[in-house]
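Here is a short report for someone meeting this structure for the first time. Please look over the model, then read on.

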Amino acid sequence: MNSHSTASPANQEIFPGEVFVNTADFDTGIRRLLPKYDEMLDVLASCISSANHRILELGCGTGELSLKVLQRYPSAEIVALDYSPRMLDFARAKIELAGYAARWTGIEMDFGEWANSAFSLLDDRELEKVGIDANFNACISSLAIHHLEDEMKLKLFQRIRKSLNPDGCFWNADPMLAESPAMKDIDRAAREEWAANQGETLAEIRSNVGTSVAYGYSNPDRLATLLAHLEMLAKAGFPTVSVPWKYYGMAVFGGFVN
Ligand SMILES: C[S@@+](CC[C@H](N)C(=O)[O-])C[C@H]1O[C@@H](n2cnc3c(N)ncnc32)[C@H](O)[C@@H]1O
């Protein structure tokens with residue numbers, strides 16, 4: 001088993017991926033912080049289809065991607081994992097308010113632990129007991145997997161592949177490591193411009209962002225390049241990989257089982 005931290009963050013410290021000290025700041029804050037957040041999630045949602053009834057979501061946060069998928073596909077059912085109780089509570093309340101509670105199940109779990117279950121930490125019967133089996137039509141994730149070390153990203157992609165039906169697909173939206181220092185500057189300038197268009201600086205927008213420490217299998221950002229992600233997907237057994245959306249340092253990428 002990989003070494004991972006089990007200590008709870010203290011005071012203003014947050015779990016990797018929670019982003020804001022106050023969860024109530026997430027939905028507006030993430031849209032100020034990241035260029036084209038809604039467009040990115042809408043593209044991701046459009047990559048699955050109405051035939052993808054059973055969907056596994058990793059790192060659902062406050063439920064913004066869940067909501068878009070449930071709105072778009074009336075027969076979709078989502079099993080959503082997140083290790084943060086406060087993010088899950090927020091998502092659950094929002095999903096209930098929207099009237100989708102019967103089609104959404106939130107599970108408090110570290111997806112790194114789930115990834116390791118393919119390597120016998122948890123057996124399939126244990127997973128079925130908590131509501132995660134191996135028959136999903138799609139797996140989706142946004143802004144979460146980049147907190148894993150690359151070795152764990154690969155294990156997770158392998159686990160996802162194993163949990164998908166033959167018609168299955170996997171789509172992820174995440175920040176990418178810039179391919180060079182020059183690209184890093186260009187990506188950064190795009191984010192500064194996004195902030196400036198809202199009459200703010202990136203530093204001002206970041207003032208209510210918390211400080212994350214390693215928790216579970218996640219860490220503060222562990223970015224990989226887009227190419228490295230696509231290679232990991234191919235190695236994990238996705239013969240078709242694709243990048244339906246890219247905007248500076250952010251990408252939606254994924255692939256099909258067949
Ligand atoms: C930035 S939020 C994104 C939430 C949502 N997907 C969105 O796009 O708005 C990332 C979420 O991933 C969760 N997360 C990060 N690492 C995780 C892990 N190892 N296991 C489970 N959840 C994790 C965090 O708790 C957080 O809720």
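## Ground rules and overview

Helices and strands here are DSSP runs, numbered from the N terminus: helices are H or I runs of at least four residues, and strands are E runs of at least two. By that count, the protein chain has ten helices and nine strands. This is a predicted model, in which local features need pLDDT of at least 70 and side-chain atom pairs count only at pLDDT 80 or more, while totals for chains, interfaces and linings use all residues. Residues are numbered from 1 along each chain as its sequence is written.

Burial is judged by C-beta atoms placed from the backbone: a residue is buried if 20 or more others lie within 10 Å of its own, exposed if 12 or fewer, and partly exposed in between. Of the 258 residues of the protein chain, 41% count as buried. Two residues are in contact if their C-beta atoms, placed from the backbone, lie within 7 Å. Among contacts between residues at least 6 apart in sequence, 75% join residues at least 24 apart.

## The sheet

Two strands pair if DSSP finds at least two bridges between them. Seven strands form an open sheet with mixed pairing, in the order 4-3-2-5-6-9-8. Strand 4 (104-108) and strand 8 stand at the edges. Each has a single partner strand, so one side of each is left without a neighbour in the sheet. From one strand to the next, the twist averages 15°. Angles run from 0 to 180 degrees between N-to-C directions, and axes are lines fitted to C-alpha atoms, for helices over the stretch in contact.

Strand 3 and strand 4 run parallel and are joined by five bridges. Across this pair, Ile-78 stands opposite Trp-104 in strand 4. Helix 4 (residues 85-97) packs on the sheet and touches strand 3 and strand 4. Its direction makes about 170° with that of strand 4. Helix 10 (residues 226-235) also packs on the sheet, touching strand 8 and strand 9. The direction of helix 10 makes about 15° with that of strand 9.

Strand 2 (residues 54-58) is mostly covered, with four of its five residues buried. Strand 2 pairs with strand 3 in the parallel sense, over five bridges. Here Ile-55 stands opposite Ile-78 in strand 3.

In soluble globular proteins, nonpolar side chains tend to be buried together. A nonpolar core is a set of buried Ala, Val, Leu, Ile, Met, Phe, Trp, Tyr and Cys residues joined through C-beta atoms within 7 Å. The largest one has 65 residues. Leu-44, Ile-48, Ile-55, Val-69 and Cys-139 have the most contacts inside it. Leaving out residues up to four places away in sequence, Ile-55 touches a list that includes Ile-48, Val-69, Ile-78 and Phe-136.

## Two asparagines

Asn-135 lies in the loop between helix 6 (124-129) and strand 5 (136-142). It is exposed, with 10 other C-beta atoms within 10 Å. Asn-135 and Ile-55 are 80 residues apart in sequence, yet 9.1 Å apart in space, C-alpha to C-alpha. Beyond residues up to four places away in sequence, Asn-135 touches Arg-54 and Asn-165.

Asn-165 belongs to strand 6 (residues 164-175). With 16 C-beta neighbours inside 10 Å, Asn-165 counts as partly exposed. Its contacts, not counting residues up to four places away in sequence, are Asn-135, Phe-136 and Asn-137. The C-alpha atoms of Asn-165 and Asn-52 are separated by 9.9 Å, though the two are 113 residues apart along the chain.

## Around the ligand

A residue is near a molecule if its C-beta atom, placed from the backbone, lies within 6 Å of it. The ligand is surrounded by 26 residues, and the closest are Gly-17, Gly-59, Gly-61, Ser-84 and Ala-144. Helix 3 (64-72), strand 3 (77-82) and helix 5 (111-117) each supply at least two residues of this shell.

Ala, Val, Leu, Ile, Met, Phe, Trp, Tyr, Cys and Pro count as nonpolar, Asp, Glu, Lys and Arg as charged, and the others, Gly among them, as polar. On that basis the shell divides into 13 nonpolar, nine polar and four charged residues.
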